[in-house]
Amino acid sequence: MDGQGSRMSIMQVFFYGEAAGSRISSNVMFLNKIKSQESGVVLYGITPPKADTTAERIAEIAQKTIERLAALDIDALVVYDVQDESARTKEERPFPFLNSLDPLIFASEYLGTLDVPKIIYRPAGKFSGEELSEWLEALHKQSFYPVFVGVPAPDFPVKTSLPEAYKIWRKNEETSVIGAVTIPERHKVLRDEDVRILDKMESGVSYFISQCVFNLEYAKQVIDDLALSCDRQQIAPPTIIFTITACGSEKTLHFMDWLGINVPEELKEDLRKSDDMLERSVNICLDIASELTTFCMQRSIPFGFNIESVAIRKAEIEASIYMASQISQMLKDRGVRKSVNTLKVIGTTT
């Protein structure tokens, strides 16, 4: 992959004495970017270790994560809440589901020395209003930011609706931002993703992180319809952050299908016929990011990218780091990424 461009060089500052102050600074920068609808936001998404992982091993994983990400030019780290979605479909899950460590615990107890804001996913419907309120307070004390997602299956018993969850969050509205999920594949079928986005904006949501994008046309359609709806209603559009992830094997490709991520048939064949599926998928992902950048700029939609790393293979993790670096640099070259947070804190994990 080295032939595709050199990794961006970022000045690293090892800064121990004023870690708290630097963390405030990075959080303010992220808040300002979202609240001011600034394009060029770059996130990096991970899943926590499995729940049965020993504390020593969790600390090792966390330290490696910190070392990989410390020099990356990202605005925030996304930590997913992994749910068992087996009830959503009758198809057999390609990989067995294993419970993961609570993302808030992983981010707060093990990733504290990584000086970037943390975005924590939470399936709001699985918890009571009181439980959500307590969780949001714990999140706010850490200066972390929530993304509420739906329940894992349509027939799952909902304890708190998304509108109710947003109302609970509202008391922290002045000093926080809340995100939500957008799914281009759903828009292809229901043609109402723009309506869903605008409804959630009324509840206080200011940015949306997409499901992994491999079907460029699906993503473009969401942007087109959202731009038209915002123009018709004379409202400013929210920030749309597209999730980008590499695919390094046939099994991963099958898992994407199972998750409901649409990979066009011609693209699947392209990946299968390539000598190196991972490298080919990285090139495709970078092309998608470039095209979406042009598309959003033309339609005046604030946007960014979330580079996802949920695989355990070292090559796929390294590919995600490479993509994050390349996409960040591409956004700077295109003039939409102006602010750079060069202050990173590296230390031992607890």
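Predicted model: local features only at pLDDT ≥ 70, side-chain atom pairs only at ≥ 80, totals over all residues.

Author: Here is a short tour, from the overall picture down to single residues.

Reader: Okay. How many helices and strands does the protein have?

Author: There are twelve helices and ten strands. The chain has 350 residues, and 53% of them count as buried.

Reader: What about the surface? How much of the accessible surface belongs to carbon and sulfur atoms?

Author: That share is 51%, out of an accessible surface of about 15800 Å².

Reader: And what is the mean pLDDT?

Author: The mean pLDDT is 88. Of the residues, 86% reach 70 or more.

Reader: Contacts, then. Of those between residues at least 6 apart in sequence, how many join residues at least 24 apart?

Author: 84% of them do.

Reader: Let's pick a helix. Which residues of α7 are buried?

Author: α7 covers residues 193-202, and its buried residues are Glu193, Asp194, Ile197, Leu198 and Lys200. They span an arc of only 160° around the axis, so they sit on the same side of the helix.

Reader: Why would residues three or four places apart point the same way?

Author: An α-helix has 3.6 residues a turn, so residues at that spacing point the same way.

Reader: What do the buried residues of α7 pack against?

Author: Three helices are on the list: α5 (162-169), α6 (184-190) and α8 (216-233). The strands are β6 (178-182), β7 (205-212) and β8 (239-244).

Reader: What comes just after α7?

Author: Glycine 204 does, with a positive phi of about 110°.

Reader: Now α12. Is it mostly covered or mostly open?

Author: Mostly covered: 14 of its 20 residues are buried. The helix runs over residues 314-333 and reaches 29 Å from its first C-alpha to its last. That is close to the 28 Å expected at 1.5 Å a residue. Glycine 335 follows α12, and its phi is positive, near 80°.

Reader: What does cysteine 212 touch?

Author: Leaving out residues up to four places away in sequence, it touches Glu185, Thr243, Thr245, Ile261 and Glu308. Glutamate 308 is 96 residues away along the chain, yet the two C-alpha atoms are separated by 8.3 Å.

Reader: What sits 2.7 Å from a polar atom of its side chain?

Author: The backbone oxygen of serine 210. Serine 210 is also one of the residues that threonine 243 touches; others include Tyr80, Ile209 and Asn306.

Reader: Next, threonine 160. Is it buried or exposed?

Author: Threonine 160 is buried, at 4% relative accessibility. It lies in the loop between β5 (145-149) and α5.

Reader: What does the side chain of threonine 160 reach?

Author: It reaches the backbone nitrogen of glycine 129 at 3.2 Å. A polar atom of that side chain also lies 2.6 Å from the backbone oxygen of phenylalanine 127. Beyond its neighbours within four places in sequence, the contacts of threonine 160 include Ala124, Leu132 and Ala165.

Reader: Back to phi. Which residues other than glycine have a positive value?

Author: Glutamine 37 is one of them, with phi near 55°. It lies in the loop between α1 (19-35) and β2 (41-46). Serine 300 is another, also with phi near 55°. Serine 300 lies in the loop between α11 (277-298) and β9 (303-309).

Reader: Is glutamine 37 buried, exposed or partly exposed?

Author: Partly exposed, at 33% relative accessibility. Serine 300 counts as exposed, at 58%.

Key
Residues numbered from 1 in each chain as written. Heavy atoms only, no water. Buried < 20%, exposed > 50% of the residue type's maximum accessible area, 1.4 Å probe, protein only. Helix = DSSP H or I, 4+ residues; strand = E, 2+ residues; numbered from the N terminus. Arc of directions from axis to C-beta. Contact = heavy atoms within 4.5 Å. Expected span 1.5 Å × (residues − 1). Polar contact = N/O pair within 3.5 Å; in protein donor to acceptor, adjacent residues only side chain to side chain. pLDDT = per-residue confidence, 0-100. Areas by Shrake-Rupley, 256 points an atom, 1.4 Å probe, with all protein chains shown as cover.
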